[in-house]
Amino acid sequence: MKFPELSDGALLPLAESFYTIQGEGFNTGKAAFFIRLGGCDVGCSWCDAKETWNPSLYPPTPIENIVNEALSFKAKSIVITGGEPLSYPLDKLCTLLKKNDLEIFLETSGSHPYSGRFDWICLSPKKKKPPIGNIHQMASELKVIIEQEDDFLWAEENKKLVPASCLLFLQPEWSKRDVMMPKIVEYIKSHPEWRVSLQTHKYMNIP
Ligand code: SF4
């Protein structure tokens, strides 16, 4: 851990927090409080949260402050995202959220050790830094970003590792959506175990 002050999870580098509607994946359309943690070393070229990559830009924030803010909103669903949130131990944050009866969704690439306790895990594996440990086994949904043709193969490789109950989503990379969307449609028509996920927040002009 490069930042010893973050090593026990009582402080986390909070890039931003906001109340909005989940735009992607299974929980699309649900109001939720988003906790976006700074820090990611995966390096996706199309990442739409590049400003979060360097965790030293963000203040180590007491988890009590984060949870108190979450409690000020009406919805009881929390999305923990990043950056890569599993860069930090999330046990303490999850324990505190759960003490307050909040429902916790995790968005992760799975490229760092698992920690915490979640009601829903969205695993979005990246070729540049693949998932480690047994995170595939814990995934509630597998969401694979389709930027080019061979990402369908990557999706199938990851599908082999998740449980039968795991929901399967293909999501076009935003800047390639015009080219990839028709291919995704045809793929899902011939592989109906997959569903399409769209970044609907971008159409709604919300964060
Ligand atoms: S894993 Fe997520 S946050 Fe990290 S670079 Fe890729 S898209 Fe961005």
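By salt bridge I mean a side-chain nitrogen of Lys or Arg within 4 Å of a carboxyl oxygen of Asp or Glu. Asp-48 lies in the loop between S2 and strand S3 (60–62) while Lys-202 is in helix H6, so this pair ties together parts that are 154 residues apart in sequence. Helices (H or I, at least four residues) and strands (E, at least two) are DSSP runs, numbered from the N terminus.

Before I go on, please keep in mind that this is a predicted model, in which local features need pLDDT of at least 70 and side-chain atom pairs count only at pLDDT 80 or more, whereas totals for chains, interfaces and linings use all residues. Residues are numbered from 1 along each chain as its sequence is written, and side-chain values use heavy atoms, with hydrogens and water left out.

How many salt bridges does a search of the whole structure find? There are 15, and another of them links Glu-103 with Lys-30, with 3.3 Å between the closest N and O atoms. Here Glu-103 belongs to strand S5 (residues 103–108) and Lys-30 to the loop between strand S1 (11–21) and strand S2 (31–37), so parts 73 residues apart in sequence are tied together. Glu-103 is partly exposed, with a relative accessible area of 29%, where buried means under 20%, exposed over 50%, and partly exposed in between, for a 1.4 Å probe and protein chains only.

Let us turn now to helix H5. Its 14 residues (177–190) should span 20 Å at 1.5 Å a residue, and the end C-alpha atoms are 19 Å apart, which agrees; the expected span is 1.5 Å times one less than the number of residues. Which residues of H5 are buried? They are Met-180, Ile-184, Tyr-187 and Ile-188. These cover an arc of only 90° around the axis, which puts them on the same side of H5, the arc being that of the directions from the helix axis to the C-beta atoms. An α-helix has 3.6 residues a turn, so residues three or four places apart point the same way. The face turned away from the buried side of H5 carries the exposed residues Asp-178, Val-179, Lys-189 and Ser-190.

Finally, His-136 lies in helix H3 (residues 135–138) and, at 9% relative accessibility, counts as buried.
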